[in-house]
Amino acid sequence: MSSESLAAATFLLTDAEKFSPDQEHLTQALLAFIRTHLPRRDHAVFVITGDAGTGKSAALAQAFTQLQTMARNRADGLLAGTRNTLLVNHQEMLKIYQEVAGASTVLHKKDFQKPTPFINAAARTGIMNDVTFVDEGHLLLTQPDRYNRFNQDNQLAEIIRRSWVTVLVFDPHQVLKLKSYWDWPRLHQVIDQRPHTVFDLDTQFRVAGDAAVHDWINAFTAGQIKPLPAPSDYDLRIFADGTPLYQLIEQRDATAGLARVLATADFPFTVFGPEQWYVTAGTLRLPWDKFSMTATPWAQRPETLHEVGSIYTIQGFDLNYAGVILGPSVGYDPVAHRVTMDIAQYQDQEAFKNRDDLPDLAAAKAQIMRNAINVLCKRGRHGLYLYAVDPILRRALLSAVHEKE
């Protein structure tokens, strides 16, 4: 696969794209931070934060490539020969990193790992890492997880303990499971005892629409429906039925490529097994995505045009157009004028497992559901199409279209 086609559906940049000034500044600040703290052996932490689509992963990947170039070409006395690793807890993103490494003369596939194997190997051997990058750090576990063979209390704390410098991408609005529940206070409980800095990326890199589009999506995921903006460079539409939404996605895929249907986790499914589970949206009925052992991520496989993607197959990836089905758990209170979350109807029970230490469990669950909507609605570079299963929410969204007119 060419670098252009690989980058098109991912957080990577195509050859024609360039870093924003924010990203350039970030790379310089990050490498300066590493040079300052690596000789001190003080377990320093550099946090990269920002909204979905601001280019956090792209900047992280570029900085890691620069670091490994200096480590392996011995062009920098301090960084030459350093032991560095990039960790990511997202299987689909790990596939991309390893595919990039396979085509690189500087990067090796072993440079990219999942957190638990890294932590367990470091605990077993006692070998310290010089610099450890962590993409999607908000997916790190904050409690033991026997299924994932993690027996300690907090993956980030363990990574920092095993690394002289840790570089972390963090966005609490993309937390999708209670077992990896993060917010800013929880992050500071871990990093405040170490030298640290926080760098915020605030330039939108993915969604092509103007600020009104970003504001509308952010307001919606927070519970408010504003009049629909009408940007000239972004196609934002509400649908009264799922079939025309899907038909438009098919058209967009034929002309622009990388158009897919996505949905909230409100329809029955299992990750493994022969059963085929379906998503229904009015007259539309399409199968859920299936777990794939192939090296190609879901968003890049052409047959997935006829499936519905989940947060687990699309998080961290770019589409040109995203059709998002809001399932029965997403409703609307016409008296309070608020988008509501019905926890009982959310089918991703794995997201709600094993957590009894949060002061307001119901609020944490509702926030996870809102985070999932945030992830889905910010996948499309050039367009977002919405359909709501709940009739009251659907009418409210369609009314927002009329309000703009």
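Guide: On helix H2, the face turned away from the buried side carries Pro 21 and Gln 28, which are exposed (over 50% relative accessible area with a 1.4 Å probe, protein chains only; buried is under 20%, partly exposed in between). This is a predicted model, where local features need pLDDT of at least 70, side-chain atom pairs count only at pLDDT 80 or more, and totals for chains, interfaces and linings use all residues. Residues are numbered from 1 along each chain as its sequence is written, and side-chain values use heavy atoms, with hydrogens and water left out.

Visitor: Which residues in H2 are buried?

Guide: They are Gln 23, Leu 26, Thr 27, Leu 30, Leu 31, Phe 33, Ile 34 and His 37. Seen down the axis of H2, they fall within an arc of 155 degrees, so they line one face of the helix; the arc is taken from the directions from the helix axis to the C-beta atoms. Helices are DSSP runs of H or I with at least four residues, and strands are runs of E with at least two, numbered from the N terminus.

Visitor: Turning to charges, how many salt bridges are found in the whole structure?

Guide: The search finds eleven, each a side-chain nitrogen of Lys or Arg within 4 Å of a carboxyl oxygen of Asp or Glu. One of them joins Asp 111 and Arg 72 (2.7 Å, N to O), which lie 39 residues apart in the chain.

Visitor: Is Asp 111 buried or exposed?

Guide: Asp 111 is buried, at 3% relative accessible area, whereas Arg 72 is partly exposed at 32%.
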